[in-house]
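Keep the 3D view open as you read.

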Amino acid sequence: MFDAPGPRFRRRVFWVSVVSVLVLLGLLALGLRQFAAGGQLDLVRWRPYLTWPVWRYLLGGLWSTVVAAFATGVLAMAGGLLLALRPNRFTRAYAEVMRTVPVLLLVYVMLFVLPSFGVNLPLFRKLVVPLALSHAASYAVIFRAGVSSVDPGQREAGLSLGMPDGAVTRFVVLPQAVRHMTPLLVTQAVSLLKDTSLGYVVSYTELLFNGRVLANYNGLLIQTFVVVAFIYLVVNLALSRLAHRLEAGRARTAR
Amino acid sequence: MSLVLEGFLNTVALTLLSFCAALLVGLVVAVLRIVPVPLLRGVGAVYVEVWRNIPLLAWLVLFVFGLPEVGVKMPLFWTAFTAIALYEAAFVAEALRSGVNSVAAGQGEAARALGLSFRQSLWHVILPQAGRRVVQPLANIAIALTMATALAGVVGVVDMTRAAQRINLELAQPLLVFTGVGLCYLVMAAGIGFGARVLERRLA
């Protein structure tokens, strides 16, 4: 959106950079001073996070997070496929409702409503079932977009070659649709992984809940949750990079 | 009954206020991400990646329980507001940026060729065209934000979801209470969707 900069413009960019570095450093110093004043930067408060037992506990939480996200993903994709393949009034209403009702409300239904009807699921399912119900709608949208992104000429070509309808869907449309969808599926995985932090509410021992337990135990609230947030950041950033890489690859192969 | 009203009003207020704030912050971040200064672009990218890749609940916990420990004391509602607004701002920034990117590159080049400056081409050529393309993505973010405010209930703000859970303890009418609250969210989302369609038609 801008041309290659000339000398005058480059000088201006330089000065803007200098000023913004100063402003950023100033903000950082202000923040650090606020933290230091509360004693939050003392080494004593951070040292536990250099020891293995603490990390083992948190990484154990991360493992549970990944397990829950994986189980949810499988269930939600199956549900999403069902929804996407049968577009009728019911499935559309379902998707619309799930797009607007908070997952937390569904979790509360699992926690407080179903037990009064004699359905008391184990903790893991109390987290996974509502997440899967909600994410199935998102997956349905992704699948539908993926299928409709395939040129209709592809299907027509397959049919004109005498392939049966099911075969056209399976061997011509779906492979191309999957290639188009892959980046979106990875992005959805990030949002799923983030949503498993509702384990905090259900008391399922995932990363955020383990953080709470740890903070209650050692009283290092800020440090614990900063480390937990950092773990989330690293994992999700890796996934986002993957999505980016796939997107770039797709842009190269598609014409 | 007053609990219902309090919860409903809190949810509506939290949604409206944090969406407006998220629009402002998101606009600033989006501009940072497209200016010709590499350093500022980096700052914008870091903001988006950091906020987007950490769960909102983790941010809320960190803000609500962490800020008082470093001497920043705010009412609970406003702490939740800050966390939600800053979180959604990352999504707003991305929506705005992809709106700007969706305007054909030739438009920007034509503006430059006519001698418009960066600011002029952004303001008079790119943004008006990007404007109507971002209405729908922004409406989706607003709906997601409505849902996100439910998480504020977990850290103690009495929002609609939290109120439902509390009333349920007293009334023991779970089906009625939770369906009612679900309907409220549906109505809010329908309102946002309607507003977005009207706005889109006005901008088209």
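**Helices in contact**

In this predicted model, helix 3 of chain A passes helix 8 of chain A in a right-handed crossing. Helix 3 covers residues 52-85 of chain A, and the two helices pack with their axes 9 Å apart at an angle of about 125 degrees. If you want to find the crossing on screen, look for Thr65(A), Ala69(A), Thr72(A) and Gly73(A) on helix 3 of chain A, which meet Ala189(A), Leu192(A) and Leu193(A) on helix 8 of chain A. By class, this contact has four nonpolar residues, three polar ones and no charged ones.

Now move to chain B for another pair. Helix 6 of chain B and helix 8 of chain B have axes 9 Å apart and pack at an angle of about 170 degrees. These two helices are therefore roughly antiparallel to each other. Helix 6 of chain B brings residues including Gly131(B), Val135(B), Ala139(B) and Thr146(B), while helix 8 of chain B brings, among them, Tyr185(B), Ala189(B), Gly193(B) and Leu203(B). The contact of helix 6 with helix 8 of chain B has 11 nonpolar, four polar and two charged residues.

Next, which residues of helix 5 of chain A are buried? Helix 5 spans residues 103-113 of chain A, and nine of its 11 residues are buried. They are Val103(A), Leu104(A), Leu105(A), Leu106(A), Val107(A), Tyr108(A), Val109(A), Met110(A) and Val113(A). Their packing partners come from both chains: helix 6, helix 8 and helix 9 of chain A, together with helix 7 and helix 8 of chain B.

That brings us to the contact between the chains, which takes 43 residues from chain A and 41 residues from chain B. On the chain B side, the elements that give two or more residues are helix 2, helix 3, helix 5, helix 6, helix 7 and helix 8. Helix 8 of chain B gives the most, with eight residues. The chain B side divides into 28 nonpolar, 10 polar and three charged residues.

Finally, a look at the record: an unreviewed UniProt entry annotates residues 12-37, 57-85, 97-117 and 220-239 of chain A as "transmembrane region". In the model, residues 12-37 of chain A are 100% helix, with end C-alpha atoms 37 Å apart. Residues 220-239 of chain A are 95% helix, and their end C-alpha atoms lie 29 Å apart.

Methods
Residues numbered from 1 in each chain as written. Chains lettered and ligands numbered in written order. Predicted model: local features only at pLDDT ≥ 70, side-chain atom pairs only at ≥ 80, totals over all residues. Contact = placed C-beta atoms within 7 Å. Helix = DSSP H or I, 4+ residues; strand = E, 2+ residues; numbered from the N terminus. Nonpolar A, V, L, I, M, F, W, Y, C, P; charged D, E, K, R; others polar. UniProt positions renumbered as here; feature names shortened; annotations may be inferred. Axes fitted to C-alpha atoms, helices over the stretch in contact; angles between N-to-C directions. Parallel < 35°, antiparallel > 145°, perpendicular 65-115°, else oblique. Buried ≥ 20, exposed ≤ 12 C-beta atoms within 10 Å, placed from the backbone. Left-handed = near helix turned anticlockwise from the far one by under 90°.
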